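I had this fold open on the screen today and wanted to jot down how its pieces sit together. These are my notes, in the order I looked things up.

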Amino acid sequence: MSDIRELLSAIGKPSGGVYAPSDDTFLMIDVLSTMALRGKDVLDLGTGSGMLGLFCAKMGARVTVADIEDSALEKVRAAARRLNLMIEAVRSDIFSSVPGRFDVVIFNPPYLPSDEIKDPTVDGGNYGRHLVDRFLEDLAPHLKEDGFALLLLSSLNDPAAIIDSHRELSFSVVGSRSLFFEELQVLLCKLRNLAS
Ligand SMILES: C[S@@+](CC[C@H](N)C(=O)[O-])C[C@H]1O[C@@H](n2cnc3c(N)ncnc32)[C@H](O)[C@@H]1O
């Protein structure tokens, strides 16, 4: 708890189109806090305020954060300096400029269903799936052997339909939280061993 307060204080009040830590962020933190992250290579994709990546760095992981918004990356770099944490921050459209493979890839996507993408921090297009599908399609080459992704979804996204259209991956629910108009879930996604 004191770690979370310290991180929030270092991040400050996000502004200028940077997503502020919210229920979805904190559900992901609950899941991450059950995992042994020390020494792991972690990618926090769509890092926003950097809360998730900074939390993993605090837990001893080697962290890369990525976002399409330069303003977010600048703020995460500044927060990391305040916390004396080492992170690599890269501007990237999903995985396009992300180097290497990771033990854990975290993605809390813009997932709200929308007719168009007006606010890239929250708008997720049709069923909120626009970036979710791109993420799942491009995930495989960025995972180490035994690596996995943690993906946040909402009941608004119809998770069963998403799972059904990505048969190359296996999914399990590792965290959930009911809010008044949606249920949030964290899915653990792994590559299926198609040889077996
Ligand atoms: C819902 S916010 C999550 C922020 C943070 N990870 C958290 O959990 O609080 C989604 C983030 O994805 C970023 N994003 C949107 N489109 C992206 C893209 N094409 N590639 C990478 N990041 C993107 C947004 O800028 C935003 O920071």
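**Entry 1: α2 against α3.** I noted the crossing of α2 and α3 as right-handed. This is a predicted model, so I am reading computed geometry throughout.

Next I listed who touches whom. From α2 I have Thr25, Phe26, Met28, Ile29 and Leu32, and from α3 they meet Met51, Leu52, Phe55 and Cys56. Sorted by class, the contact of α2 with α3 comes out as eight nonpolar residues, one polar and no charged.

**Entry 2: how covered is α2?** I wanted to know how many of the 10 residues of α2 are buried. The count is seven, so I wrote α2 down as mostly covered. The buried ones are Asp24, Thr25, Leu27, Met28, Ile29, Val31 and Leu32. I then checked what lies over them: the cover includes α1, α3 (51–58) and the strands β4, β5, β6 and β7.

**Entry 3: the sheet.** I traced an open sheet of seven strands with mixed pairing, and its order reads β3-β2-β1-β4-β5-β7-β6. At the edges I found β3 (87–91) and β6 (169–178); each has a single partner strand, so one side of each is left without a neighbour in the sheet. On average, neighbouring strands in this sheet are turned by 20° against each other, ignoring direction.

I also zoomed in on one pair. β5 (residues 143–154) and β7 (residues 183–191) run antiparallel, and six bridges join them. Within this pair I picked out Leu152, which stands opposite Val186 in β7.

Then I went back to α2 (residues 23–32), which packs on the sheet and touches β4 (102–107), β5, β6 and β7. The direction of α2 makes about 115° with that of β6. I looked at α5 (residues 130–138) as well: this helix lies across β1 (41–45), β4, β5, β6 and β7, and runs at about 170° to β5.

**Entry 4: α1 against α4.** Which helix angle did I get for α1 and α4? For α1 (residues 2–11) and α4 (residues 70–83) the angle is about 130°, with the axes 8 Å apart. I therefore logged α1 and α4 as oblique to each other. α1 passes α4 in a right-handed crossing.

On the α1 side, Glu6, Leu7, Ala10 and Ile11 make the contact, and they meet Ala79, Arg82 and Leu83 in α4. I sorted the residues of this contact into five nonpolar, no polar and two charged.

Entry 5: Last, I checked for positive phi values outside glycine. Asn84 has one, at about 60°, and I found Asn84 in the loop between α4 and β3. Is Asn84 buried or exposed? Its relative accessibility is 73%, so I count Asn84 as exposed.

Tyr127 is not a glycine either, and its phi is positive at about 55°. I placed Tyr127 in the loop between β4 and α5. With 49% relative accessibility, Tyr127 goes into my notes as partly exposed, because exposed needs over 50%.

How values were computed. Residues numbered from 1 in each chain as written. Predicted model: local features only at pLDDT ≥ 70, side-chain atom pairs only at ≥ 80, totals over all residues. Heavy atoms only, no water. Axes fitted to C-alpha atoms, helices over the stretch in contact; angles between N-to-C directions. Helix = DSSP H or I, 4+ residues; strand = E, 2+ residues; numbered from the N terminus. Parallel < 35°, antiparallel > 145°, perpendicular 65-115°, else oblique. Left-handed = near helix turned anticlockwise from the far one by under 90°. Contact = heavy atoms within 4.5 Å. Nonpolar A, V, L, I, M, F, W, Y, C, P; charged D, E, K, R; others polar. Pairing = 2+ DSSP bridges. Buried < 20%, exposed > 50% of the residue type's maximum accessible area, 1.4 Å probe, protein only.
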